[in-house]
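Colleague: Could you walk me through this one slowly, please?

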Amino acid sequence: GDVFWDEPFGPQDKIWIPSGVQIQDTPEGGLTITENAADQGFGRIEGETISLDPLEYPILRLQVLEVAPGTGFSIQIQEQGNAFDFFDAVQTDRPGSYEIDLVDLTGWDDGSIRDFRILIWVSGEDGRITVDNLTISSQ
C-alpha cells in the first residue's frame, strides 16, 4: 500500500521528544530507548503531530527488535486538539512486528483529517527496547 508517513530510525528522520528516557541510534539501524527517570520506572518518546484521514491510511506498523528482561512497552496514539483522547494500541514485553489498525483503535471513521502523535512508552527500572521501521500506510 501507499506509505503516508515513514520513520526508518537509525538515524531518526522525524522529531522525537524523550521524557524519562535516553535515546540512541544503533549501528545496525533502529533506535534504542532506555528508561532513566529516577524513582519513576517509566518514560516515553513523543513524536511530531501527524495529520491524516485514518480511513485512507489506517495501518501503523512498528518493528521492535529487542526488549531487555524486565522491560515493558506500549504504543499509544494521542489525539491533538478536540478531547486529547489517547488510545493504547500495544502493551507487551515481547519483540516482534506490530500492526495496528488506527480506525479500529480510535473509532475515527468519519473520513475527516485527524491530528495525533505517536508515543512509545518504556517501563521497568533501566528498561530498554530497540525499535525500527515505523510506518503508516494505506494497507
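Modeller: What follows is a chat about the core, the ring pairs, the salt bridges and a few loops. This is a predicted model, in which local features need pLDDT of at least 70 and side-chain atom pairs count only at pLDDT 80 or more, while totals for chains, interfaces and linings use all residues. Residues are numbered from 1 along each chain as its sequence is written, and side-chain values use heavy atoms, with hydrogens and water left out.

Colleague: Ok, core please: which residues touch the most other members of the largest nonpolar core?

Modeller: They are I33, F116, I118 and I136, out of 31 residues in that core. A nonpolar core here is a set of buried Ala, Val, Leu, Ile, Met, Phe, Trp, Tyr and Cys residues joined through side-chain atoms within 4.5 Å, and buried means under 20% relative accessible area, exposed over 50%, and partly exposed in between, using a 1.4 Å probe and protein chains only.

Colleague: And which elements give two or more residues to this core?

Modeller: Those are β4 (31–35), β6 (50–52), β7 (59–67), β8, β9, β10 (96–101), β11 and β12. The strands are DSSP runs of E with at least two residues, helices are runs of H or I with at least four, and both are numbered from the N terminus. As a general point, in soluble globular proteins nonpolar side chains tend to be buried together.

Colleague: What does I33 touch, leaving out residues up to four places away in sequence?

Modeller: Among the residues that I33 touches are V21, I23, I45, I120, V122 and V131, and Q22 and R128 are in the list too. A contact means heavy atoms within 4.5 Å.

Colleague: Switching topic: how many aromatic pairs does a search of the whole structure find?

Modeller: It finds seven aromatic pairs. Rings of Phe, Tyr and Trp (its six-membered ring) pair if their centres lie within 6.5 Å, and planes under 30 degrees apart count as stacked, over 60 as edge-to-face and the rest as tilted. The rings of F4 and Y57 have centres 4.8 Å apart and planes at 40 degrees, so this pair is tilted. The pair links distant parts of the chain, with F4 in strand β1 (residues 3–7) and Y57 in the loop between β6 and β7, 53 residues apart.

Colleague: Are those two buried or exposed?

Modeller: F4 is partly exposed, with a relative accessible area of 36%, whereas Y57 is buried, at 18%. Another tilted pair is W108 with F116, at 6.1 Å centre to centre and 45 degrees between the planes. In that pair W108 is buried, at 6%, and F116 is buried, at 0%.

Colleague: Now salt bridges: how many are there in the whole structure?

Modeller: A search of the whole structure finds eight, where a salt bridge is a side-chain nitrogen of Lys or Arg within 4 Å of a carboxyl oxygen of Asp or Glu. One of them joins E46 and R117, whose closest N and O atoms are 2.7 Å apart. Because E46 lies in strand β5 (residues 42–47) and R117 in strand β11, this pair ties together parts that are 71 residues apart in sequence. E46 counts as buried, at 11% relative accessibility, while R117 is partly exposed, at 23%.

Colleague: Which residues are linked with E46 and R117 in a network of salt bridges?

Modeller: R44 is linked with E46 and R117 in that network. Elsewhere, R61 forms a salt bridge with E99, the closest N and O atoms being 3.0 Å apart. R61 lies in strand β7 and E99 in strand β10, so the pair ties together parts that are 38 residues apart in sequence. Here R61 counts as partly exposed, at 29%, but E99 is exposed, at 53%.

Colleague: Last topic, then: how do β8 and β9 pair?

Modeller: β8 and β9 pair in the antiparallel sense over six bridges, and strands count as paired if DSSP finds at least two bridges between them. The two form a hairpin with six residues between them, and G81 in the turn has a positive phi of about 85 degrees.

Colleague: Where is F84, and what is its phi?

Modeller: F84 is in the loop between β8 (72–79) and β9 (86–92), and F84 has a positive phi of about 50 degrees although it is not a glycine. F84 is partly exposed, with a relative accessible area of 45%.
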